[in-house]
Structures are given as C-alpha cells and as structure tokens.
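Dear colleague,

Please read the notes with the model open beside you.

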Amino acid sequence: MKVFSNSETFNYSWEEVSTANWRKYCPWNQKSTHVVAVDTVSRSVDPETGILRTERLITCKQTAPDWLKSLLGGCIDESQVFETSYVDPRSKTVTMVSANLTMSNLINVQETVVYRPLNDHQTSFEQSAQITALCGGWQRIKNRIEDTLVKRFHENAIKGKEGFEAVLAMSRRVFAEERERERMMLIQSQASNIRLAAVAA
Amino acid sequence: MSQSLAPECNEVKERYDTCFLKWYSEKYLRGMGTTDNNECAALFKEYNSCLKGALKQRGIDKLLDEAREDNRENDATLMGKKK
C-alpha cells in the first residue's frame, strides 16, 4: 500500500469554496481535463443534523502507460470513481470520500478530501489517498503499479489546484455580477415606484 | 457545468445543476435548506431517471451498489450517527 497526501490553502471563504467545489470540473477549469463527466446519483439533507449527503459518479479519461495496459488487459483509459460527500453546515466542513469503481478487483484507491475554514477569508484543503494493488504476483509489479498511481495523483493534484483557483476566481466574478444586476433591478423598481407615487400625489 | 456520462441526460442535468447551485448558495448555506423537497426536486427526479437508464445500460448500476455498501462505515462516521 502507498499513501499520497497533500494540503493547500485557498484564499477564499469556506462558503465560496464549498459552493465552487460543486463545479470544480466545469469548462472554467482547463487543467483537470482528465475528468470528462460528473453525475449526481443521489442527494439528501439529514433533518436532524442538517448534513447534506451527495453521491456522485465521476468519469475520468486518462491514458495509462502501455506496460500497465498490457498487464491489466487493455481497456482502462476510461474509469469511474464513486464519491460520497458530506457538507456539515454547523461545523463548516466538507468531507469527500472516493473509491474507484473500475478495476476495483485489482486496484483499490481510497481518497479523502476535507475543506475547513482557516478564517473568514481562507479555507484549507486536505487530501489523502491510499493506493493498494490487489493483484497477485510479484511484489515488484505491485509496487510499480502503486508508484505509477501515486505519481498520477501528484500530477492531478497540481493541475487540480490550478484549475480550481480558476473556478474560484470565475465564481466570485459571476456572483458579484449577479448581485450587481439584482441591486440595479432593485434600484430601478424603487425609482419607478417613487415616480408612480409622485404621479399619484 | 460538467457533462453527464450520458449525453442524452446533459440538458436536464444542466438545468438541475444550476438549480442546485442556487439553492445551495442562497438557501442551504444560510440555514434555510433543511428539506429535501425543495425547488430542484422535480428536476432531480427527471435527471435521475435519465441517468438510471444510462447506468444500467453500461453495467455501472451494480458497481455503484457495491461501492455504496462498502461506504457504510464512512456514512456512519460522517453523518454524525456514530459517536
């Protein structure tokens, strides 16, 4: 088993990060192109705790090295990950746990990501993954499979951070524009109310 | 927004995702979204029925059930039910 871990700080509030996180893999993110689809399978709010639980299916397309393909039998370019996330609005925590659906009899990848506020303007991101090759045979081959996947995690993490920064920046801009638009509409309607009142008087 | 793995579900998925994001940022995070029966429920139902067919067709539905089963312990811990 190999372990990968990574932590980052985003200079955005937890509310902004947890909102933008839902569209981390949208066209604004031009770095994480290995994620080709994200589908929500189930979603519910626990009436007692207020925790929002979401199941998503994430479809990735990433070319595997040739030696790994020949070892595992070819068709591994497209794979699916099952992610369950828990948003706790009281403790302001987002926890996401993911496991690979594809090839799960040969490789086991368990990933946990936690977003927590550091203060009103900063949010921490903690990522850890356990990678275990289950296939029988030589330890040397298992090690090589695990090392390849750890390397992939590392590369995707760097791209993921860059891509998410772009999504955060765009989200902030779009929300600000939306608020401005609503403010202008409010001012306009107030102005017309005043005009109507003036005419009536 | 991101794509669906089933192109035929993209249109309804987009509408649902937009609805959800608005609900999440404007209601849920402000403590006003405690019920499941919200304004996005009908869209989710439509999206989900489209997706279910696509998952079944690709044989992913069974894998999902197994993964959900494997995740029970995380659920117990993270839903705050296990002290």
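What do the buried residues of α2(B) pack against? They pack against β2 of chain A together with α1 and α3 of chain B, where packing is judged by contact, meaning C-beta atoms, placed from the backbone, that lie within 7 Å of each other.

Before the details, a word on conventions. Residues are numbered from 1 along each chain as its sequence is written, while chains are lettered from A and ligands numbered from 1 in the order in which they are written. This is a predicted model, in which local features need pLDDT of at least 70 and side-chain atom pairs count only at pLDDT 80 or more, whereas totals for chains, interfaces and linings use all residues. Helices (H or I, at least four residues) and strands (E, at least two) are DSSP runs, numbered from the N terminus. A residue is called buried if 20 or more other C-beta atoms lie within 10 Å of its own, exposed if 12 or fewer do, and partly exposed in between.

Chain A as a whole

Chain A has three helices and seven strands, and along the sequence they follow the pattern β-α-β-β-α-β-β-β-β-α. Along the principal axes, the C-alpha atoms of chain A fill a box of roughly 90 × 35 × 30 Å. Of the 201 residues in chain A, 28% are buried, and among contacts between residues at least 6 apart in sequence, 56% join residues at least 24 apart.

For α2(B), the 18 residues should span 26 Å at 1.5 Å a residue, and the end C-alpha atoms are 25 Å apart, which agrees; the expected span is 1.5 Å times one less than the number of residues. The buried residues in α2(B) are F44(B), Y47(B), N48(B), L51(B) and L55(B). They cover an arc of only 105 degrees around the axis, which puts them on the same side of α2(B), the arc being that of the directions from the helix axis to the C-beta atoms. On the other side of α2(B), the exposed residues are A42(B), K45(B), S49(B), K56(B) and Q57(B). After α2(B) comes G59(B), with a positive phi near 75 degrees.

In α1(B), which has 17 residues, the distance from first to last C-alpha is 24 Å, close to the 24 Å expected. Here K13(B), Y16(B), D17(B), F20(B) and S25(B) are buried, and because they fall within an arc of 150 degrees seen down the axis, they line one face of the helix. Their cover includes α1 (14-20) of chain A together with α2 of chain B.

Where the chains meet

The contact between the chains takes 32 residues from chain A and 27 residues from chain B. On the chain B side, α1 (10-26), α2 (41-58), α3 (60-70) and α4 (72-78) each supply at least two residues, and the largest share, five residues, comes from α3(B).

F82(A), in strand β4 of chain A, has 24 C-beta neighbours inside 10 Å and so counts as buried. Leaving aside neighbours within four places in sequence, F82(A) is in contact with L57(A), S98(A), A99(A) and L101(A), and also with L64(B) and A67(B). L57(A) is 25 residues from F82(A) along the chain, yet their C-alpha atoms are separated by 4.9 Å.

Cores and loops

The largest nonpolar core has 28 residues, with V17(A) and L168(A) having the most contacts inside it; such a core is a set of buried Ala, Val, Leu, Ile, Met, Phe, Trp, Tyr and Cys residues joined through C-beta atoms within 7 Å. The elements giving two or more residues to this core are α1, β2 (35-45), β3 (52-61), β4 and α3 (139-200) of chain A.

Finally, K92(A) lies in the loop between β4 (78-88) and β5 (93-100) of chain A and has a positive phi near 50 degrees, although K92(A) is not a glycine.

With best wishes

Methods:
Contact = placed C-beta atoms within 7 Å.
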